[in-house]
Amino acid sequence: MDLAQIFADLDAQPWAEREHAYGGADDVPDQLRALASDDAEEAEEALYELYGNIVHQGSVYEATPYAVPYLARLAAAGVRPGDVLPLIGHIAESEDERSETPGACRVAVTAQLPLILPLVESPDSSVRQAAVWAAARSGATEQVLPVLRRCWEEELEPLVRAEALAGAVWLDPAGAGEFERAVLGIGGDAGEAVEAAPVRLAALLASVDADLPWTGAHHEAFIALLPAAPLVASRFVQEQAEPLRYVAEVLLDRDTDEAREAAFTLVDAGLRHPDADARKEAVAAAEHACEVSRAASARLAGPLTALLDDPSSAGDALYLVKHLGRDAAPAVPALMAIATAGGELADRALAVLVATVPEQAAPLLAADLPNRPTALDGAAKAYAGGWEAAGHEGAPGAFPYVPELLDAIRAWLADSDIPWNQSIHLGLVLAGWGRRAAPAVPELLAALDRYPFVALRALPTVCPPEERDRVAAALRAADLTEQSPIELGSALLRLTGEPEPLVGAVTEALVAGGRDVAEAAKRTAELDSSQAPALLPYLRAALSDAARKPSGPESGPESGSASGSPEQKRNTPRLDADTEIARALWRLTGSADEALPIIAGVLEEADGDWTRWQNIRAARAAGELGEQGRPLAPLLERKLAHRDHAAAAALALLAVDPANQDLTRLADAALTSAETNSDPYTALEVLRAVGAGNLTESQLSRLTSLAERDAHVFIPGLSQDPSGADARFREEARALLRTA
């Protein structure tokens, strides 16, 4: 088959009318042709572009199946088959189909099996391996399984044998035990020939995939293969690239005590392995275990702590020890030893101490502050309220105050070369301390020209009353033309109570439009209703065209009409800006008349998977209206069916129309949101508002499961500390249950 035959009908296809990841697929023909180029660099670029376009990050599209015949012809003609066949396999295995014809890609690959299967007998072992894998991913058991079994019987190359074994079990999981007995001798007699390590590993992975019992024999066989990652480096199953992590993940997903202990025992043994690379693999597996299993941190704290005494493994273990929470206590002596030794590891060890025993960490941070950026970052983030909560009553707890750390911060502020991030972190630590940081006012004023953002944010919080007029005068006299006028106006308002600078800055931002509109509308919360006459016209003018709907019953929130024409659809920043303007209009006027249609429009438009946060913010804004927001109830009730939106909608319904709510229905929606890791914290707010005494036995059982099960509850937006976020959820859920 020559290239003319391969591409005979290529240009007759309506590629421009078909979509791939980046729009019309009219560029696919040139990429397919370039794949056959004699120029290796050009062909490699074409392969890269095809992966990006037709199987983008595992997703397939309308155009994808139409490219498959040409890819199969190229492979059959010997054109880069070792590259093209894996591309075909990735297309076949995709479960994220972005088209209106589900299953079309797998059908297209199955149709090309007459071209793919003969390559299982290629003289090139890498082509045989790719053909075996691609054919198996088609899922065409009747056509492919006999070929793979014949390959298993005749093939000598270990990687091809491993792929044939894995493919056969992929197509027929019931046959996993046969391979287990033949390769590992588990449940029967091992064959005379000892299989190569990649084949033994493939048998173990197939056993766990097929849900076979994981026994002591499996454990010993797996440990003997560590480090295991090199054994799969040349295979194609991406999710098994870290075999130890993969096996632990699958065992934990079984959610039984026996499987959980098997996973922990395997990871524990890996953490104690004499090979440094094996220990590195085990740390990755332990990290996943601690992210998904509540029992993992206590079970694995001992071997993880032991790694801190080994210089070759301490660096890998440090990050994970930080997330052990209370279970990290046994590691404190080792961490203290590393933290006082100097170097990069000292900074990372101190960061762990900052998170686990902040009182002991504070003096160490003070001793070498400029050289501890990671630890300083952790100290700043301990003040969870950030700038917005600075100085507020009941704000989240700050990093422990010690005079020597305050002295170190004051000394460093005199430096003109503090990196931007560290300057922010210094300001956050000071803001968290509030008036206790008052001695730093001179240094903050002196740093006004070098770190104006930090000074503007920190000074109103730390400044004592007797110094406020002097500090305000210094701010007015400073050259802050490069800074946000809103920041300056806010600082002056907090220092002197004078609203005019902030009113002027907010007005200017609203008139200018752009990305500052949402922030300007949000800052009106710092003002009172006496400023309403000056701000209301500008807030109204700053609304998007889509939010300016004609008045009248037919356009009200109960009409269900979409906000704006298709050409007026808003991007996510614009949706957020309109929500903030609605909130500002409500705060400044005390009337919901203007806010209602704006919030309704956002709720209507923010109705998909990609606008979850816009929907949640709009639902929160609806709830702020109280019973004046009752006309929004029909819109909010529709949201209960979407797990990402349900909890926020339920909470808003309890605020806008409390007398007419089916509490059982709202609690069910909230529990579903928590069980699907969509919005667990808001779900707890709903359940608290409903009251534990109003939950059914079934609902109490579901809440108990969320609080007491082994699997973590994942909190969106808090991926930096999933274990800590889950621990907070668990404590709050248990507290709610105690009131039942």
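Helices (H or I, at least four residues) and strands (E, at least two) are DSSP runs, numbered from the N terminus.

I noted that this is a predicted model, where local features need pLDDT of at least 70, side-chain atom pairs count only at pLDDT 80 or more, and totals for chains, interfaces and linings use all residues. Residues are numbered from 1 along each chain as its sequence is written, and side-chain values use heavy atoms, with hydrogens and water left out.

**Entry: α39 and α41**

I looked up helix α39 (residues 680-690) against helix α41 (residues 722-738). They pack at an angle of about 10°, with axes 11 Å apart. That makes α39 roughly parallel to α41 (angles under 35 degrees count as roughly parallel, over 145 as roughly antiparallel, 65 to 115 as roughly perpendicular and the rest as oblique).

I then listed the contacts (heavy atoms within 4.5 Å). From α39 come Pro680, Tyr681, Leu684, Leu687 and Arg688. They meet Ala725, Arg728, Phe729, Glu732, Ala733 and Leu736 in α41. By class, this contact has eight nonpolar, no polar and three charged residues. Ala, Val, Leu, Ile, Met, Phe, Trp, Tyr, Cys and Pro count as nonpolar, Asp, Glu, Lys and Arg as charged, and the others, Gly among them, as polar.

**Entry: burial of α39**

How many of the eleven residues of α39 are buried? I found eight, so α39 is largely enclosed by the rest of the structure. Buried means under 20% relative accessible area, exposed over 50%, partly exposed in between (1.4 Å probe, protein chains only). The buried residues are Pro680, Tyr681, Thr682, Ala683, Leu684, Val686, Leu687 and Val690. They pack against α35, α37 (643-656), α38 (663-675), α40 (697-708) and α41. Gly691 follows α39, and its phi is positive, near 95°.

**Entry: Gln614**

I checked Gln614 in helix α35 (residues 612-624). Is Gln614 buried or exposed? Gln614 is buried, because its relative accessible area is 6%. Leaving aside neighbours within four places in sequence, I found Gln614 in contact with Thr572, Leu575, Asp576, Val602 and Ala606.

Notes:
Axes fitted to C-alpha atoms, helices over the stretch in contact; angles between N-to-C directions.
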